[in-house]
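Please read the following note beside the sequence and the model. The points are numbered so that each may be checked in turn.

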Amino acid sequence: MCGIVGYVGERDAYPILIKGLHRLEYRGYDSAGVALINEAGKLNVFKAKGKVAELESFVTDKDTTGHIGIAHTRWATHGEPNTANAHPHYSESERLAIIHNGIIENYSVLKAGLTQEGYTFKSDTDTEVLVQLIEYTQVDRQVDLRTAVQLALQQVVGAYAIVVLDQEHPDTLIAARKGSPLVVGIGDGEYFLASDATPIVEYTDKVIYIDDEEVVTINKGRDVEIVTIGNVQKTPEIKRLEMSLSQLEKGGYPHFMLKEIFEQPRTLTDSMRGRINVRQDNISLSGFIDNRERFLNAKRIIITACGTSWHAGLIAMYAIEEFARIPVEVEYSSEFRYRKPVIDKDDVVIAISQSGETADTLAAIQLAKEHGAFIFSICNVVGASIPRVSHSGCYTHAGPEIGVASTKAFTAQVVALTMLALCIGREKGTLSPDKYLAIVRELGQIPDKIECVLGQDKRIAEFAKMFMYAQNFIYLGRGYNYPVALEGALKLKEISYIHAEGYPAAEMKHGPIALISSEMPVVVVAPRCGTYEKVVSNIQEIKARKGRVIAIVTEGDDLISKIADFVIEVPCTEECLTPLLTVIPLQLIAYHIAVVKDRDVDQPRNLAKSVTVE
Ligand code: M6R
């Protein structure tokens with residue numbers, strides 16, 4: 001996730017670019033940079049580690065003049081978040097500058113070839129490889145810049161949205177996309193380019209959405225030209241933006257939480273990008289590859305986290321034990337840090353945190369480190385404290401999560417942990433190649449399947465109204481879906497302030513069944529897998545006591561549909577991936593009940609997004 005913005009016209013480019021970066025900062029904020037061509041025709045690049053505000057402080061005494069420029073806010077993928085890895089990147093001659101959103105999967109092969117040709121690299125990024133490849137192609141083949149971009153992109157495997165600025169053509173920007181968004185804004189004698197329309201909307205409502213494998217040339221004196229990377233001419237289709245400036249922060253959604261729920265197909269694609277290969281038959285997690293022996297030799301894995309992240313950890317316990325056959329313990333960080341746990345130097349400790357700043361989880365890591373354990377973190381915020389103090393880790397790349405109730409971060413954590421479990425299982429030989437392949441393939445289908453579940457939002461909103469006066473809820477699930485039941489109950493509690501408890505379904509008869517009456521809504525997570533028949537019996541037990549059952553079932557489940565009071569269907573998938581689908585209706589139920597109760601959905605009382613105190 002990165003934000004890219006470009007401008008060419010009569011106005012000063014710098015203020016437009018900086019404002020655009022602020023709008024795109026939700027896409028990443030570990031570094032920012034800008035490139036401008038001044039009146040003397042010099043291409044200046046300025047970059048700073050950290051947020052856009054750091055870049056603004058850095059350039060106060062610099063030459064930021066010019067009527068053409070590009071700018072970038074980065075979410076680190078290749079290379080740590082530092083100034084050298086910040087975009088824009090120069091080409092070898094410093095005649096070209098590039099900004100890029102995406103991942104070039106075959107960058108190391110391309111880099112080796114360019115190194116042989118004498119090219120040198122100042123950063124660890126895949127992006128610098130691309131700008132060098134474009135310059136090399138142009139010089140070697142003696143072609144114009146657009147042709148060089150087309151030829152270079154023909155060699156690239158991966159995803160990109162790029163914009164290239166050429167010192168020798170100070171009126172022209174060349175951009176292209178594949179798998180990462182890119183929008184052109186058409187003003188009066190000026191053009192804008194951005195990752196989404198948010199930096200553009202205050203200047204024009206006329207936009208062109210660039211399609212995959214298209215290369216666009218924008219020159220302030222000419223019409224927009226689009227060709228494919230294979231050189232087929234395209235007719236630009238101008239669309240009118242239907243959004244107001246005030247809607248933009250929430251992307252048109254009434255709350256950040258709803259926006260984040262609906263973002264999940266895209267955030268999970270981002271979480272898997274560059275990790276699951278294009279053939280969808282292999283997972284490559286650098287944090288695992290670099291520490292392969294630690295995982296393979298682990299006698300035990302301890303997972304530590306809080307709240308929603310702890311629920312993701314519980315799901316990981318099921319996956320790691322099933323695929324890698326390593327014993328797993330899942331610990332609340334707040335308990336672990338104080339209960340004098342037995343920790344061995346052969347233990348691997350996985351710390352999970354969206355914010356990367358949770359005080360209890362930081363303290364749990366510190367304790368485990370003192371005992372010599374290896375610390376691997378699963379984190380969403382790049383460069384936060386937890387990844388910094390860990391030995392290694394894996395970013396979830398779900399993008400900034402603003403709603404206090406965690407939604408998209410949870411599913412991204414589950415995806416990252418499942419990929420890790422699959423990598424360990426495959427390397428240990430405890431997971432069959434066929435099963436591995438089936439799950440990897442199915443992971444690739446999950447974003448589309450979530451989209452299907454989201455399609456039921458209006459129906460869920462309608463039925464949520466019936467439960468606005470409920471005082472209590474019970475959530476039940478088994479196996480992989482027991483943690484989903486806990487997560488559904490937590491979502492409802494924190495934003496609607498309705499008391500809710502999650503249980504393993506079979507535990508009902510050991511106590512909680514005493515609570516069942518016609519006043520008690522019971523949400524049962526019951527996809528058709530694992531202990532399905534047992535869960536059907538649990539539903540019968542609830543109905544026999546007049547409980548009201550809301551069931552989350554697999555598409556086409558005729559059995560539960562006949563017993564339950566309300567049914568929400570999710571597509572069929574591998575058992576270990578069912579939480580990624582079954583949690584979506586629970587997020588929507590909690591959201592819509594909170595809305596009808598007129599709660600402050602994004603900032604519920606007494607809560608904070610990042611819990612940095614004990
Ligand atoms: O940033 P972290 O993942 O470490 O935060 C942990 C919990 O504070 C967090 O998941 C909290 O439970 C959420 N508000 C739940 O929606």
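1. Where is the place of P88? P88 sits in the loop between β4 (68-74) and β5 (89-90); helices (H or I, at least four residues) and strands (E, at least two) are DSSP runs, numbered from the N terminus. The peptide bond that leads from H87 to P88 is cis, and its omega is near 0 degrees.

2. Some remarks on the basis of the note are in order. The model is predicted, so that local features need pLDDT of at least 70 and side-chain atom pairs count only at pLDDT 80 or more, whereas totals for chains, interfaces and linings use all residues. Residues are numbered from 1 along each chain as its sequence is written, and side-chain values use heavy atoms, with hydrogens and water left out.

3. The ligand is surrounded by 15 residues, and the closest are S309, S353, S355, T358 and E494. A residue is counted as near a molecule or strand if one of its heavy atoms lies within 4 Å of it.

4. Which helices each supply at least two residues of the shell around the ligand? They are α10 (307-324) and α17 (482-496). Domain 2 (250-454) and domain 3 (455-614) both give residues to this shell, so the ligand lies between them. The domain bounds come from an automatic or database domain assignment.

5. Individual atoms of the ligand may now be considered. An oxygen atom of the ligand lies 2.4 Å from an N or O atom in the side chain of T358. For S355, a polar side-chain atom is 2.6 Å from an oxygen atom of the ligand. The backbone also takes part: a polar backbone atom of V404 is 3.1 Å from a nitrogen atom of the ligand. Taken alone, the ligand exposes 410 Å², of which the protein buries 91%. Accessible areas come from the Shrake-Rupley method with a 1.4 Å probe; for residues, only the protein chains shown count as cover.

6. The largest nonpolar core has 95 residues, of which I283, I301, I320, I350, L443, F473 and Y475 touch the most other members. Such a core is a set of buried Ala, Val, Leu, Ile, Met, Phe, Trp, Tyr and Cys residues joined through side-chain atoms within 4.5 Å. Helix α14 (residues 408-428) gives the most to this core, namely twelve residues. Why does this core lie between domain 2 (250-454) and domain 3 (455-614)? The reason is that both domains give residues to it.

7. Is D166 buried or exposed? D166 counts as buried because its relative accessibility is 1%; buried means under 20% relative accessible area, exposed over 50%, and partly exposed in between (1.4 Å probe, protein chains only). This residue belongs to strand β7 (residues 158-166). The side chains of D166 and R95 are joined by a polar contact of 3.1 Å. A polar contact is a pair of N or O atoms within 3.5 Å; within protein, one must be able to donate a hydrogen and the other to accept it, and residues adjacent in sequence count only if both atoms are side-chain atoms.

8. E213, although not a glycine, has a positive phi of about 65 degrees. The loop that holds E213 runs between β11 (206-209) and β12 (214-219), and with a relative accessible area of 33% E213 is partly exposed. N231 is likewise not a glycine and has a positive phi of about 75 degrees. Its loop is the one between β13 (225-228) and β14 (233-234), and N231 counts as partly exposed at 47% relative accessibility.

9. I542, in helix α18 (residues 532-544), counts as buried at 0% relative accessibility. S333, in helix α11 (residues 333-336), is buried with a relative accessible area of 0%. I326 lies in the loop between α10 and β17 (328-332) and counts as buried at 1% relative accessibility.
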